Amino acid sequence: MTALSLKIRGFRGLLAAALSGFAVSCACAASLTWEEAARIAAYDKALSAGDPAIAEKFLKDTSFSDWLKLTDPVKAALLLSKAQAVDDLARLLDKPWRDEQEAELSKALSLRIDSGKPLVKAGIGPVPETLLSWMAGYRSYSEHKTGLVRKAIRQFETVFAADKTDADALENKRSWENRTIRERNIFLAEFASGKLEKLIKYETETGKAFREWVRNDDVFKYLDQAGRARQERYLTQLAAADAAKSKLSAPRLDKINDQPIEQQMYLLGGLFDKSKGGGGSLLERKVDGARQSKPGETLSYQNNRLLADMLRTAIPGELKGSAAGGRILQFYNSGAGPAVAIESCQGCYAKYEPAGARIVLDSEMIQQYLRVNNLTAETLLSDKTRVAALAGYLAPIFVHEATHQMQHSWADKAGIYKPYVQEDEIEANSMEALYTLEKLKKDPKFRGLFSKMRSSASYADQRLKLAQRFSRNPDDFSENVRQLYYYGLPSFEAASSQVLWAVSSELKRRKGLKADARNELEKTGADINEAMAMTASELISSAAGIKTPALLKIQEDLLHNAVYTGRYEDASDRAVAMLGAARGSGTPKTGAVPAL
Amino acid sequence: MKHGILLMTLAAAITALIINAEAQDLSFDGLQAGLARIKSAGAAEPAPAPAPALKTPTAAQSRPAAEREWLVLVFMNGRNELWQNAIKDVNEMELIGSTDKVAVTVELGLSQDRGDSSRLYIRKDTTAEANNLAGKIVSPAVKVSGSDMGNWKHFVDFARWSYRNYPAKKVLAVVWGHGSGRVDIGGADNSGSEFGISPDNLTRNFIRNRQMARALREIEKSIGKKVSVYASDTCLMQMASVAYEIKDGAELIVGSEEITPFNGFPYSAILRDLAANPGMGPGALSAMIVDDFSASYSATGAGTTISAIKTSELPEFVRLLNDWLRAAAVPAHRTNLLNAERETLSFEKGYNGNDTADRTGSKDLYDFVDLAGKKAGRASGLHAKGEVLKNFITGRLVTRNKTTPPGGDYDRAKGLAIYFPKMIYDQSYDETLFSRDSLWDDFLKWKLDRSYKVK
């Protein structure tokens, strides 16, 4: 206990304040010494006040937390959860945030500040404005940053005209202030997306001034991630349609001009001569990239299965000869090979599905490739070189998703619960960027393909931009991933704190249940296998219906967070080392994606 | 999807309200007005709602010693403007409650619940307030924190919980809320504007048809038996591609081809009739739901459709449909078919506009086949094959079909809708099991492009 006694010295100021809670702590854990109980109470009190310095101190005080994990795991988990939540919030806000990142910051805050989240127990949320009080108490941010946070939490005055003082306006304000950030964002995003939807469905205008308005209208800053993707797609379509229409004669224009954008694009696609293998002019490719497939261009169910099967073997063939690809191949060679499916991916280019251990590639992305290159499913499937070219095109995103598969495999082998977090994406994006950089340098066909496709496919453009960002500064890459791409995903610290909070709160509640209710739960609840397969949000919502041993197992896993953080650090170090090695072997210098 | 809100999310509906009311005003000023209107309309405003009593139902109070005849589980997604109807429907259920032969459970998600749904065991309301359908919910409930009503796994979790606590010989599973038929995995513009069934406005998630099929499989695996009757108390779900996707997960599928009125299923009538005859089989129960639904709207003048489909007949249906399509998709019939399509009964209240992301674009299959046969002439092979198909639809596949009002256009609705794009084919339709096994996808492509070969 010497070490403990020494560390307690730093808490003398808090001890007195904590004594009121001490009796309760002592009653709950009779084996604790007075000092130990007081120390727990001091931490609890400081963390419940949202003190970020104490949160950081608690997280670093591993000898104490390790001791507490053994002595009272539930208490340890609840404290750790609060400390992680507060520390994560402080880290999030301490980052530099630019004005144009208001939506990203808002989303990131909404993941953390909401009802039922551990930060509520630290006095932050669910009312969003409590964050401003916390900032005033513990942080000295610039006026500019504070202003940005006000916008990010969607404070009433930053959203609505504040010059109205009638009863309705005041009632609206009261109503608004009762909403969480998530609820405010949903309201605003749905308003914005409704407006965008109306344009997409009915508007026929495509001119430059109109495009500028669509790009800059104030309402659209409230679109959510999916809405912003729709806006981008719409703008791409408008620009392509406008450019294509400028080449048309008046009679042809008349047939197109009174149609909404999807129909305009579709009709424009029919005006090109599609006989040229490998794709037509730049304008033709842009139109083809941004329109819907025609009946002969879709992937039938049978062709879909056939192509998926061919890609399953063709993509690994493309990975050979690169460091990142080699790592993926090593993984597959040590177990079952990859399983590939082609499906509509709901706005993503690809995803890894743990339940079926398969990588799903977006069917629209593949059809877009076919359209841009004047291919049909039949002409593609009948030519192995064409399939190989498509495999090369898909390989970067495959590397990305295969990295996620490796992460799941690691967790399975370690027998631990793994939430899906930003750190997973940092690793996957690093691997993908490494692969792309190597291929750009070494493979002229790959370089040529991406050079051609980037003007007509956002997939290709984004792969190149990601590689460039990684190459430019791998040290900043993780922050870029967090703030630019995956702000809608929790950090490990945030996810861990929320799961721990839900699990440990449930375990605490369960102690108070009568024996028959507990027995019933143990008989009918979800078992360990079901619980381990749940996402973090599913686990949080299902905690009350999960058997106690499963909850204890997950609590135990997350209490020992060094297992996770150690892996994330290893992955980060490995990526930087691989980049260094690749540079040494002639891969491009920092910041230089090969000229396209 | 319920009446009046054509395949729109709450916000889209609000936006439409605002935009329509203010003509061409697309300015940002509308936002504040929107906020006021939502409040006055009572939608989406997080306000206190009649709360279920948060008391875990115990074995002693709720479960009989023996397995019951029926478990009725209702996954009620009111995380949108339908929340008041959700409360009303639970109150309707409480007019009857569970019995020793029939257990009724509800997963209740409301727009003002902040993500915490309630899991209820429905008990008969014996208080003086029982007939107040907007009143307090008296059934014991378990709070489910952070629930996602648009997650198929959550539906499975609720079904498992229901069966573990209230086992029964037969299961009626109802999904309550919005529905958009075949539109779920891409939409015509594949841009993330999908809708599916059971969209949750809070989590922005929804259940796709493919996921519903998986959910039903998981439920079967968990409880050791297939769901006897699966019903969608939503709009537009009674489509060929939807039924075919989920056919292996239930014996019968009940749903509507058309938009459903806000009031949805008449739960007190359904539970009353089931309580009176709990020994009825799945076929009888599905027919009874159709009858009670139709009876509840027959006097209102509302245009409604509802039917029950026997899933075991779907493979034979596809065989006969393919047979008909092979005869139909030839140049000689092309003009007749295009004319027939134009005249065929359209759903979404006769929507005849553009193909868009969230339009079902559905028409009645029987009506189309009937019109095509008439145009081809009685002596034609197409007419003969059409008669076989039509007879199969009404005689074996659709076991019960009712429409209101009598004598209206909906008389032509025979219980099964099918996808009909106008110009742009939704490429994600290719990924359905219906496209795998039927020629309907090929037919549609041929319809849109005469050079396309139906294989």
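The legends below describe views of chain A and chain B in a predicted model.

Local features need pLDDT of at least 70 and side-chain atom pairs count only at pLDDT 80 or more, while totals for chains, interfaces and linings use all residues. Residues are numbered from 1 along each chain as its sequence is written, and chains are lettered from A and ligands numbered from 1 in the order in which they are written.

**View 1. Overall build of chain A.** Chain A holds 32 helices and three strands. Helices (H or I, at least four residues) and strands (E, at least two) are DSSP runs, numbered from the N terminus. The C-alpha trace of chain A spans about 85 × 70 × 55 Å along its principal axes. A compact globule of 596 residues would have a radius of gyration near 25 Å, and chain A has 27 Å, which agrees. The radius is taken over C-alpha atoms, and the globule rule is 2.2 Å times the number of residues to the power 0.38.

**View 2. Burial and contacts in chain A.** Of the 596 residues in chain A, 48% are buried. A residue is buried if 20 or more other C-beta atoms lie within 10 Å of its own, exposed if 12 or fewer, and partly exposed in between, with C-beta atoms placed from the backbone. Among chain A contacts with a separation of 6 or more, 73% join residues 24 or more positions apart. Two residues are in contact if their C-beta atoms, placed from the backbone, lie within 7 Å.

**View 3. Overall build of chain B.** Chain B has 16 helices and 13 strands. Buried residues make up 60% of its 455 residues. For contacts in chain B with a separation of 6 or more, residues 24 or more positions apart account for 74%.

**View 4. Two domains of chain B.** Domain 1 covers 59–310 and domain 2 covers 314–448. These bounds come from an automatic or database domain assignment. The C-alpha centres of the two domains lie 28 Å apart. Their contact takes 44 residues from domain 1 of chain B and 39 residues from domain 2 of chain B.

**View 5. The domain 1 side of that contact in chain B.** The elements giving two or more residues here are α7 (240–246), α9 (282–298) and β10 (304–310) of chain B. α9(B) gives the most, with eight residues.

**View 6. Helix α5 of chain B.** This helix runs over residues 152–165. Of its 14 residues, 13 are buried.

Terms used:
The expected span of a helix is 1.5 Å times one less than its number of residues.
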